Amino acid sequence: MKTLAALRAPRRAEVAAAVADNGIDVEILDPREGQEPGGWAKFRRIVAPQPMWDYGLLRLEAWLSRNPPVLALMREGGRVLGACVVMLCDPMRGSVFAPGPSARGSRLSPRWAEVYLPWFSGHPAVVFRERVDAASRRELLRIFERRLAEYAGPGLLGVIYRAMPSDIAELVAGRGRARREIDPTTVLHNRFDSVEEWVGSLRAPVRAVVRDALGRFDSLDVTAGKGRKDLDAAELAALLNEHRARQDARAWRSGQRARIAGLHLDTRSPIPTAYLAEFLRRPTVLTRTYREPSGRLVAFQAMFDTEYGLAMPYWAALPRQQGGLPRLHLDGYAHAVRELIDSGRPELTAGRTLLDLKADLGFTTRTLHSVAVPRPVMGR
């Protein structure tokens with residue numbers, strides 16, 4: 001295990017440098033370099049079974065993003081206790097995607113880091129083994145911050161923990177750190193025996209609209225299945241990115257709480273075709289497509305299944321002016337509820353947009369926070 005003196009002069013050539021601090025090793029890995037780290041597969045099975053934590057998908061994301069992510073592993077005696085996905089954000093990069101991995105530590109230009117899952121913002125980018133108590137988690141995150149400052153170099157301005165649940169936000173908050181509540185994620189708890197019972201639980205006017213919508217779309221060709229390999233991912237990615245751009249513009253106009261000092265700090269990249277193709281092929285991911293008789297794609301829905309619950313990160317549809325069908329999303333939600341009931345999972349999460357609509361459909365919210373940590377207080 002390295003001494004503290006050695007830690008102050010880390011070798012830039014290291015692909016996966018580690019720092020020892022109070023018996024803990026924090027390792028920061030660029031997924032584009034080397035193989036999957038030891039112990040990661042076992043940790044994922046237990047703690048982070050969601051598909052976006054798959055190392056192969058992280059590698060694709062890193063190559064295809066403007067602000068490529070790295071993976072930070074917190075170990076004790078070689079055993080992974082926790083992990084973070086961290087975007088390294090460079091405002092000077094513009095539309096240039098993923099600089100070469102060797103360029104990361106030598107640059108002096110100002111940049112910042114974001115602990116964030118940009119394509120799955122309702123899910124935290126920090127995970128721990130259940131047995132790690134709150135005090136230990138806090139110390140692990142402070143050690144991670146010190147290592148991140150070394151890894152990123154002198155141009156790093158600080159780190160932002162984005163879209164964190166309250167327990168994680170509490171751990172990373174503190175003196176000199178700015179914390180604010182942001183738009184929550186939506187959650188439907190599984191308390192139904194049938195879709196009809198779910199519909200019956202809704203307010204009378206909403207119930208009437210949902211029942212009317214469910215009988216409207218028999219003319220569409222609807223196909224659903226897990227791990228689908230029959231999809232044109234470019235077609236789906238184009239529809240999804242257009243849909244998300246409209247949602248973002250609407251949220252910005254309405255004064256979303258993601259604003260910081262009047263700036264629209266959206267560091268995400270469009271979802272690439274190659275990433276979406278691999279994501280939808282995962283055996284736990286169910287994709288439902290809606291097509292006109294002519295074959296034109298009207299909408300699609302993607303969900304993934306874990307023991308912790310179902311998640312619906314993606315719904316995308318044509319707008320009405322392009323031939324989209326009003327209330328088609330209600331059919332998608334009804335099928336999501338059916339999957340929730342059939343799987344017996346405890347909850348369905350459905351992202352951070354259209355909060356009023358989802359409230360009408362019985363969803364509650366889970367509070368999320370962002371915490372900004374300037375460089376001088378990182379690790380303190």
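Helix α3 (residues 55-63) and helix α9 (residues 273-280) have axes that come within 9 Å and cross at roughly 165°. This is a predicted model, in which local features need pLDDT of at least 70, side-chain atom pairs count only at pLDDT 80 or more, and totals for chains, interfaces and linings use all residues. Residues are numbered from 1 along each chain as its sequence is written, and side-chain values use heavy atoms, leaving out hydrogens and water.

**Helices α3 and α9**
- The two helices, α3 and α9, are therefore roughly antiparallel to each other (angles over 145 degrees count as such).
- On the α3 side, L57, L60 and E61 meet A274, Y275, E278 and F279 of α9, where contact means heavy atoms within 4.5 Å.
- The contact of α3 with α9 comprises 5 nonpolar, no polar and 2 charged residues (Ala, Val, Leu, Ile, Met, Phe, Trp, Tyr, Cys and Pro count as nonpolar, Asp, Glu, Lys and Arg as charged, and the others, Gly among them, as polar).

**Second largest pocket**
- The volume of the second largest pocket is about 720 Å³ (a pocket is an open set of points on a 1 Å grid where a 1.4 Å probe fits, with protein on both sides within 12 Å along at least five of seven lines; lining residues have an atom within 4 Å of a point).
- The second largest pocket is lined by 29 residues, of which V47, Q50, P124, V127 and Y308 are the closest to its centre.
- Its lining divides into 16 nonpolar, 7 polar and 6 charged residues.

How values were computed
Axes are lines fitted to C-alpha atoms, for helices over the stretch in contact, and angles run from 0 to 180 degrees between N-to-C directions. Helices (H or I, at least four residues) and strands (E, at least two) are DSSP runs, numbered from the N terminus. Angles under 35 degrees count as roughly parallel, over 145 as roughly antiparallel, 65 to 115 as roughly perpendicular and the rest as oblique. Grid points are joined across faces, edges and corners, and a volume is the space filled by probe spheres set on the points.
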